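Here are a few quick notes on this one, jotted down while going through the model.

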Amino acid sequence: MDEEFLPWTEKYRPHSLTQVIGQDETINSLKAFVKARNMPNMLFAGPPGIGKTTATLALAHDLYGKHLDGNVLELNASDERGIDVVRGKIKDFARSVSMGGEVPFKLIFLDEADALTPDAQNALRRTMEVYSSITRFILSCNYSSKIIEPVQSRCAVFRFLPLTDPQVHKMLRHIAEKEGLTVEEKAEHAIAYISEGDMRRAINCLQGAAIHSNKITEELVYKISSQARPKEIREMVECAYKGNFLESRKMLLDLSTKYGLAGSDIILQIYREVSNMEMPERKKVELVDKIGEYDFRLVEGANERIQIEALLAQIMMSGMEK
Ligand SMILES: Nc1ncnc2c1ncn2[C@@H]1O[C@H](COP(=O)(O)OP(=O)(O)O)[C@@H](O)[C@H]1O
Ligand SMILES: [Mg+2]
């Protein structure tokens, strides 16, 4: 595909381990494996959008160079979750002859392996053992607890961390420069706030904003991502906490019309603000507990507007009690 039409998450995906941002300990280990031309089976665990797939592809690139094709099998386990895949594709590839180059093993990458059924995972454990001299596996997952113990114990586990704001900023600046965008400092912070350490989300947010203008402002970022400014949510929560329910309700209405916010997003933003607000610990515990309850009600399908207003009422009562 022409580069111009690639989503930026693909266009700016690092090709080599040296270009991956953050995850320092993991990346350093991977570099050492490349140098040694040897590595254990590995399990990459962590939330979405933080470099698990990227690190694997970069490792494969650095390890095999021009012999990449034929030495790497990439499977997305959420498309092919069953035992047949393990018995079929994986086994066939593991058994096939290596395709040249100096690395004595082939690489099988099972992306999103937590989607594999337990049966498939059990079959995998055998396959890993039988072909251990000529293949290595990398499994990626959001939750390592969904990988059966015998598979986990055959892997070195690497935990990927949400990226820090400065790490997100670094990527945003890199892309902004290449794409000829000016990104306000406040807009950088806004994108980092919205993406919560998820680089994929940060990049998508930047690309979404860039469709509208090559001058990226804070306002544009919040607008296109349907999130309120943290400051505005904070004011609404504080207003309720101080006992001014009607005023806070009006703010909620304004925010909803201005940004078209979804209930679950508002609750999450309220939670983030309450977590940062100055208040006695006992109150905070009480409120977080309440927020959890209202979040659950929304999941169960209750009316969003009524629930968020009711939550504001709870916040008010909590603020008024001694
Ligand atoms: N640590 C990182 N350094 C640089 N880019 C990253 C990093 N993590 C994620 N990205 C970007 O976000 C996109 C999604 O990352 P990916 O590795 O696919 O996430 P996941 O952890 O869900 O596998 C990539 O295409 C890449 O552009
Ligand atoms: Mg991935």
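**Notes on the model**

1. Start with the ligand. Ligand 1 lies between domain 1 (3-159) and domain 2 (165-224), because both domains give residues to the shell around it. Keep in mind that this is a predicted model.

2. Which residues come nearest to ligand 1? Out of 21 around it, they are G51, K52, T53, T54 and M199. Helix 1 (8-11), helix 3 (52-64) and helix 9 (199-210) are the elements that give two or more residues to this shell.

3. On to the packing. The largest nonpolar core has 83 residues, and the ones touching the most other members are L139, I191, A202, L206 and V221. Helix 9 supplies the largest share of this core, with seven residues.

4. L206 is worth a click. Leaving aside residues up to four places away in sequence, L206 touches L172, I175, I191 and I216.

5. Now helix 11, residues 230-241. Its twelve residues reach 16 Å from the first C-alpha to the last, close to the 16 Å expected at 1.5 Å a residue. Just after helix 11, G243 takes a positive phi of about 105°.

6. What is buried in helix 11, and what covers it? The buried residues are I233, M236, V237, C239, A240 and Y241. Their cover includes helix 12 (245-259), helix 13 (263-276) and helix 15 (304-320).

Methods. Residues are numbered from 1 along each chain as its sequence is written. Chains are lettered from A and ligands numbered from 1 in the order in which they are written. This is a predicted model: local features need pLDDT of at least 70, side-chain atom pairs count only at pLDDT 80 or more; totals for chains, interfaces and linings use all residues. A residue is near a molecule or strand if its C-beta atom, placed from the backbone, lies within 6 Å of it. Helices (H or I, at least four residues) and strands (E, at least two) are DSSP runs, numbered from the N terminus. Domain bounds come from an automatic or database domain assignment. A nonpolar core is a set of buried Ala, Val, Leu, Ile, Met, Phe, Trp, Tyr and Cys residues joined through C-beta atoms within 7 Å. A residue is buried if 20 or more other C-beta atoms lie within 10 Å of its own, exposed if 12 or fewer, and partly exposed in between; C-beta atoms are placed from the backbone. Two residues are in contact if their C-beta atoms, placed from the backbone, lie within 7 Å. The expected span of a helix is 1.5 Å times one less than its number of residues.
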